[in-house]
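Open your viewer and get ready to select residues by number.

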Amino acid sequence: MTLTPATIRDYDNRAPDSDETETATFALGCFWGPDAEFGAITGVVRTRVGYAGGTKANPSYHDLGDHTEVFQVDYDPEVVSYTDFLARVFRSHDPRRQTPKTQYQNIVFAATAAQRDTLHTYLEANSYDPDEIETRIEQLSRFYLAEDYHQKHSLRAKRSLMEVFEEAGYDDEDLRESPAAAKLNGHAAGREISAEHGLELPDNRTIHSR
Ligand code: MHO
């Protein structure tokens, strides 16, 4: 099928609202990659990237202070769980080592009591001692959105896909918060996305834009 502005708008209109989703925040190095990887996961509805973990007010990419690049996912807890994310997070880095540069450190931000409980259960079940691992485990205090050009970074590099969002009348904020953009950003980065209704892919790999 062909990706059209209507396909994108329909997909986004059908997506769960923000009061039906929960939010998880992690840091795993340069945020472009995990933004795409996690955005492709079935049940992840929206993604965004930003800066957190430090104390500097109003950080920016070129003036980050003590903050770290983080990504945030809004997910449907009936489809995917916080434990699923933890499994992926701990597969994608070595908790016995930390990246020296604060910008790229590995952090699990447990934001709620439920997330903290799930995290401690996960660590215990996998024999990770929270006092021994190098992965930072922190309460999310403040999340600062990154600049627009960092949001859906892989998608932004695909002219043919971006043209469809532009034709649909999406501005930078619409693109950042678009469920379709989260999937197509994953696709643009080479991730498999499931053949979800409306963004169905002919061979389950390729999206043909007009
Ligand atoms: N400096 C690297 C990583 C960017 S990431 C947003 C690059 O330009 O590829 O830190």
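**First stop: a pair.** Select Asp63 and Lys56. Their side chains meet in a salt bridge, 3.4 Å from N to O. A salt bridge here is a side-chain nitrogen of Lys or Arg within 4 Å of a carboxyl oxygen of Asp or Glu. Side chains of opposite charge can pair when their charged atoms come close.

Before moving on, note what you are looking at. This is a predicted model: local features need pLDDT of at least 70, side-chain atom pairs count only at pLDDT 80 or more, and totals for chains, interfaces and linings use all residues. Residues are numbered from 1 along each chain as its sequence is written, and side-chain values use heavy atoms, leaving out hydrogens and water.

The cut-offs are under 20% for buried, over 50% for exposed and partly exposed in between, with a 1.4 Å probe and protein chains only.

**Second stop: Glu138 and Arg136.** Select both. They form a salt bridge, with the closest N and O atoms 2.6 Å apart. Glu138 is partly exposed, with 22% relative accessible area. Arg136 is buried, with 19%.

Helices are DSSP runs of H or I with at least four residues, strands are runs of E with at least two, and both are numbered from the N terminus. Now pick out Glu163 and Arg159. Their salt bridge has its closest N and O atoms 3.9 Å apart. Glu163 is partly exposed at 37%, and Arg159 is partly exposed at 46%.

Select Arg48, Asp74, Arg176 and Glu177. Salt bridges that share partners join these four into one network. How many salt bridges are there by this rule? The count comes to 12.

**Last stop: the whole protein.** Clear the selection and zoom out. The secondary structure comes to eight helices and eight strands. The C-alpha atoms fill a box of roughly 50 × 35 × 30 Å, taken along the principal axes. Of the 210 residues, 49% count as buried.
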